[in-house]
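User: I am new to this structure and would like to be guided through it. Please begin with a single strand residue and its surroundings.

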Amino acid sequence: MAGEHRLLLDNAQQLVLICTEGEKYLLQAGMRNLAVLDNASVVIGKDGCVKAVGHADAIRRQFSEASFEKIIDCSGKCVLPGLVDAHTHPVWAGDRVHEFAMKLAGASYMDIHQAGGGIHFTVEHTQKASEEELFSTFKHRLLRMLRAGTTLVECKSGYGLNLETELKMLRVIEQARRLLDNNISSTYCGAHSVPKGKNATEATDDIINNHLPKLKELNLNGEIHVNNIDVFCEKGVFDLNCTRRILQAGKEIGLQINFHGDELHPMKSAELGAELGAQAISHLEEISDEGIAAMASAKCAAVLLPTTAYMLRLKQPQARKMLKEGVIVALGSDFNPNAYCYSMPMVMHLACVNMKMSMKEALAAATINAAYALGSSHMHGSIENGKQGDLIIINSSRWEHLIYQFGGHQELIEYVIVKGKVIYKNERVMGY
């Protein structure tokens, strides 16, 4: 039957499956042994899901060319799963390029924060921006992420700090989820900072008594769909007790716990997250040995952000120790006005160079493990039968070029495919 299947990616030099047994995540040993097929093909069905994976000859024997709506010859090229960015703050107004100059002159993150910059600068501009303005810039950022190979992205609110603006940001994220090609995991991050005029306890009470009940109502009536709850657990922001109260309240209305912890000071955030059943905790530059053990035991993903440590000149997260101790290590870009990087290939490169991860570990951390951190690894993060057909094709005979070429993804990524549909074709790609 003509057009029975949506897409055939034919005869890839390398097809990087990541997993083959439906694994929800990979630990260190599994990351070292990624599943890669040579001279292989992938079939995507009309429902946008993978229908068959295997050596090119076997796929050709099983399927006729006439059964495909589209065929892409991948000879000499590599096919990989779409990348997953497990931590971003992409909805905001205002430009903080001036703060980069301050940081270069020696100002710390908290110096800028206490001077009215940082999050509060962005909050002021985001509160004033219209929904249309926010969506316009957000759409542009998502497109740039897509062109860099990211097909599933976690998107946070958190530059509102009052109910009205937080909901405005979540509506913008919902609009993108419905209208654009990116797969989006939506996160409520109303506890990103303590709003001016309130202390942390007052802000916590407001979130629990006003924000979360409204989110529950909007979720139930289908106006917005929020997946995760986030808190910035940090000295001078939300302490451990306030964080516990907010996360517990979010969990009670059905949100996954996925929060900022142990970034600038050791806060015992990792221990708290493990205790509460958190899906993931981000940053963890200052995690304790006890926190590492607790996260490993609880199967709580560590979303490491090498861009943040690089840009803020912080010590790097202990990726090697976490991997050795059995923690599920994932990666995110932390895209925000303070860390302006939307490229997961660059994040993987930094993870290898600065956090001493191998290229295989970095790729697994930016695919299956990042998907696990978002509770989505049943459908994303690997090329397996039944999973969503989100893939990238790179113009190289070895997949490692995606990480090796620092900043080279603009010329390397030839196709980005979501649900079996080509959503980006790079006309600038030249053969090697």
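User: In which strand is K156 found?

Analyst: This is a predicted model, in which local features need pLDDT of at least 70, side-chain atom pairs count only at pLDDT 80 or more, and totals for chains, interfaces and linings use all residues. Residues are numbered from 1 along each chain as its sequence is written, and side-chain values use heavy atoms, leaving out hydrogens and water. Strands are DSSP runs of E of at least two residues, and helices are runs of H or I of at least four, both numbered from the N terminus. K156 belongs to residues 150-156, strand β7.

User: Is K156 buried or exposed, and which side chain makes a polar contact with its side chain?

Analyst: Buried means under 20% relative accessible area, exposed over 50%, and partly exposed in between (1.4 Å probe, protein chains only). K156 has a relative accessible area of 1%, so K156 is buried. A polar contact is a pair of N or O atoms within 3.5 Å; within protein, one must be able to donate a hydrogen and the other to accept it, and residues adjacent in sequence count only if both atoms are side-chain atoms. At 2.8 Å, the partner of the K156 side chain is that of D230.

User: How many of the residues of helix α14 are buried?

Analyst: Helix α14 spans residues 344-354 and is mostly covered. Among its buried residues are M344, H349 and C352.

User: Which residue takes a positive phi just after α14?

Analyst: The phi in question is about 65°. The residue just after α14 that adopts it is K356.
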